[in-house]
Amino acid sequence: MADGAEPDTAAPDTAAQSSGTDVVLSLRSIAKTYLAGDVEVAALRDVDVEVSRGEYVSILGPSGSGKSTLLNVLGLLDRPTAGSYVFEGMEVTDLDEQERTAVRGRRIGFVFQAFHLLSHRTVEDNVALSMLYTGVGTAERLRRAKQALESVGLAHRSSFLPTQLSGGERQRVAIARAIVTDPAVLLADEPTGNLDSVTSESILALFDDLRRRGLTIVMITHDAHVAARADRAVHIRDGRLTELPPAAIAAPARASARGQR
Ligand SMILES: Nc1ncnc2c1ncn2[C@@H]1O[C@H](COP(=O)(O)OP(=O)(O)OP(=O)(O)O)[C@@H](O)[C@H]1O
Ligand SMILES: [Mg+2]
């Protein structure tokens with residue numbers, strides 16, 4: 001998706017990398033209003049949220065509550081109508097398209113419900129191509145792709161086409177593609193939405209594993225059991241966020257998630 005015709009520009013240096021701050025992203029008073037004909041839809045209202053390095057945060061809400069809108073803002077795929085977004089110490093709401101594309105390509109990994117793999121490319125190519133505009137050479141891209149595929153347990157499927165894989169395997173490829181650039185944050189929008197419960201569990205276990213390896217994760221879901229896997233859950237309803245105390249999100253799910261670790 002972010003693999004379009006991106007210019008190979010250097011990502012702007014981020015203040016966080018030099019100041020060593022622990023906050024990866026911070027939204028302040030973010031609003032997003034869509035205009036559908038004459039009707040204004042307030043998809044996000046006065047959203048404040050902060051995610052620290054190494055945190056695994058879930059965003060839980062019903063259909064139409066603004067989850068994907070929030071993910072698109074967080075992922076620099078869409079601009080907020082108002083408010084401030086500081087990503088790795090840098091205000092990103094003012095960046096032009098080229099700068100946003102550079103930050104997105106180098107510092108943000110995406111995983112979607114529908115996998116979004118290139119169907120005529122091998123698994124390995126799908127992963128390696130996400131580094132196309134990061135200035136990494138071909139040989140190094142392939143080496144890193146192999147490593148990422150190994151880390152999601154799919155090294156043995158490198159030369160397969162996505163159509164030859166199961167849903168769970170496809171999502172593993174998408175996760176490998178998202179982490180191969182070593183992003184500051186992994187943004188996932190309903191990553192288990194197309195999977196049966198057993199396969200979902202294995203994908204959630206992989207997210208647990210990535211979190212243990214230090215990756216910062218923001219997971220969007222309408223499923224309280226999925227949300228309960230995170231360190232912290234934030235509820236979204238009608239575009240407004242509220243932090244949920246851990247006990248408030250599916251206590252049994254938390255217990256079983258822990259039991260499986
Ligand atoms: N391009 C758009 N134009 C107008 N309204 C939009 C647009 N995109 C989203 N909306 C509206 O904004 C609100 C939030 O939409 P969003 O896609 O963020 O919800 P969601 O929580 O991701 O829902 P779901 O769980 O069904 O994916 C909805 O009321 C939706 O109709
Ligand atoms: Mg959505």
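Trainee: How many bridges join strand 4 to strand 5, and do these strands run parallel or antiparallel?

Mentor: Strands of a sheet pair through backbone hydrogen bonds, either parallel or antiparallel. Here strand 4 and strand 5 (residues 90-91) run antiparallel and are joined by two bridges; two strands pair if DSSP finds at least two bridges between them. Helices (H or I, at least four residues) and strands (E, at least two) are DSSP runs, numbered from the N terminus. V86 stands opposite E91 in strand 5. The hairpin of these two strands has two residues between them, and E88 takes a positive phi near 45 degrees there. Strand 4 (residues 82-87) also pairs with strand 1 in the antiparallel sense, over five bridges, with A31 opposite A82.

Trainee: How far may I trust such details, and how are the labels assigned?

Mentor: This is a predicted model, in which local features need pLDDT of at least 70 and side-chain atom pairs count only at pLDDT 80 or more, while totals for chains, interfaces and linings use all residues. Residues are numbered from 1 along each chain as its sequence is written, and chains are lettered from A and ligands numbered from 1 in the order in which they are written.

Trainee: In what order do the six strands of the open sheet lie?

Mentor: The order is 6-7-8-3-9-10, with mixed pairing. Strand 6 (108-112) and strand 10 (240-244) are the edge strands, each pairing on one side only. Within this sheet, strand 3 (residues 56-60) and strand 8 (residues 217-221) run parallel, joined by five bridges, and Y56 stands opposite I217.

Trainee: Which residues have the most contacts inside the largest nonpolar core?

Mentor: In soluble globular proteins, nonpolar side chains tend to be buried together. A nonpolar core is a set of buried Ala, Val, Leu, Ile, Met, Phe, Trp, Tyr and Cys residues joined through C-beta atoms within 7 Å; a residue is buried if 20 or more other C-beta atoms lie within 10 Å of its own, with C-beta atoms placed from the backbone. The largest core has 68 residues, and those with the most contacts inside it are V127, A176, I179, L186, L187, I217 and V218. Helix 6 (residues 167-179) supplies the largest share of this core, six residues.

Trainee: Which residues come nearest to ligand 1?

Mentor: Of the 13 residues around ligand 1, these are Y34, S63, K67, S68 and T69; a residue is near a molecule if its C-beta atom, placed from the backbone, lies within 6 Å of it. Helix 2 gives the largest share of the shell, three residues.

Terms used. Buried ≥ 20, exposed ≤ 12 C-beta atoms within 10 Å, placed from the backbone.
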